[in-house]
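This report is meant to be read beside the sequence and the 3D structure. Please have both in view.

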Amino acid sequence: MSIEPTPKAPELEAVLEGLAGRSTAINKLTCVQVPIGCGKALQDSDFAKSTGGDGVFRDELSKREYTISGFCQDCQDKIFAPDEDDFRLTTEEIVGRLS
Ligand SMILES: [Zn+2]
């Protein structure tokens, strides 16, 4: 007889790994890894500059969100879609829905 850990849904596993990699990503100034984020290095964005941001993030709120979730501006825009309230989820809410 053997006892094994309960398998977790692949989505939840991915979220947990993503969260685990969040601090590393922020320390390296990258987005959190795929499939949670895009994993790309934070880059200057003409769009962010044109909207008054520092060139990487649109505003202080977006910059602060990065320190919480590790999502770059592009990923924040995809995840926190402004026109669809259902998609305005925090990382905690995403984890909650998957667990
Ligand atoms: Zn990203």
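Predicted model: local features only at pLDDT ≥ 70, side-chain atom pairs only at ≥ 80, totals over all residues.

Residues are numbered from 1 along each chain as its sequence is written.

**The chain**

The secondary structure consists of six helices and zero strands, in the order α-α-α-α-α-α along the sequence. Helices (H or I, at least four residues) and strands (E, at least two) are DSSP runs, numbered from the N terminus. Of the 99 residues in the chain, 20% are buried. A residue is buried if 20 or more other C-beta atoms lie within 10 Å of its own, exposed if 12 or fewer, and partly exposed in between, with C-beta atoms placed from the backbone.

The largest nonpolar core holds nine residues: Ala-25, Cys-31, Val-32, Ile-36, Phe-57, Tyr-66, Phe-71, Cys-72 and Cys-75. Such a core is a set of buried Ala, Val, Leu, Ile, Met, Phe, Trp, Tyr and Cys residues joined through C-beta atoms within 7 Å. Tyr-66 is in contact (C-beta atoms, placed from the backbone, within 7 Å) with Phe-57, Phe-71 and Cys-72, leaving aside its neighbours within four places in sequence.

**Helix α4**

Helix α4 spans residues 60–69, and its buried residues are Ser-62, Glu-65, Tyr-66 and Ser-69. These lie on the same side of α4 because they cover an arc of only 105° around the axis, the arc being that of the directions from the helix axis to the C-beta atoms. They pack against α5 (73–79) and α6 (91–98). On the face turned away from the buried side, α4 carries the exposed residues Glu-60, Arg-64, Thr-67 and Ile-68. Just after α4, Gly-70 takes a positive phi of about 80°.

**Ser-23 and Leu-29**

Ser-23 belongs to helix α2 (residues 22–27). Ser-23 and Ser-69 are 46 residues apart in sequence, and their C-alpha atoms are 9.1 Å apart. Leu-29 sits in the loop between α2 and α3 (46–50). Leu-29 has a positive phi of about 55° although it is not a glycine. Most residues other than glycine have a negative phi.

Methods:
Contact = placed C-beta atoms within 7 Å.
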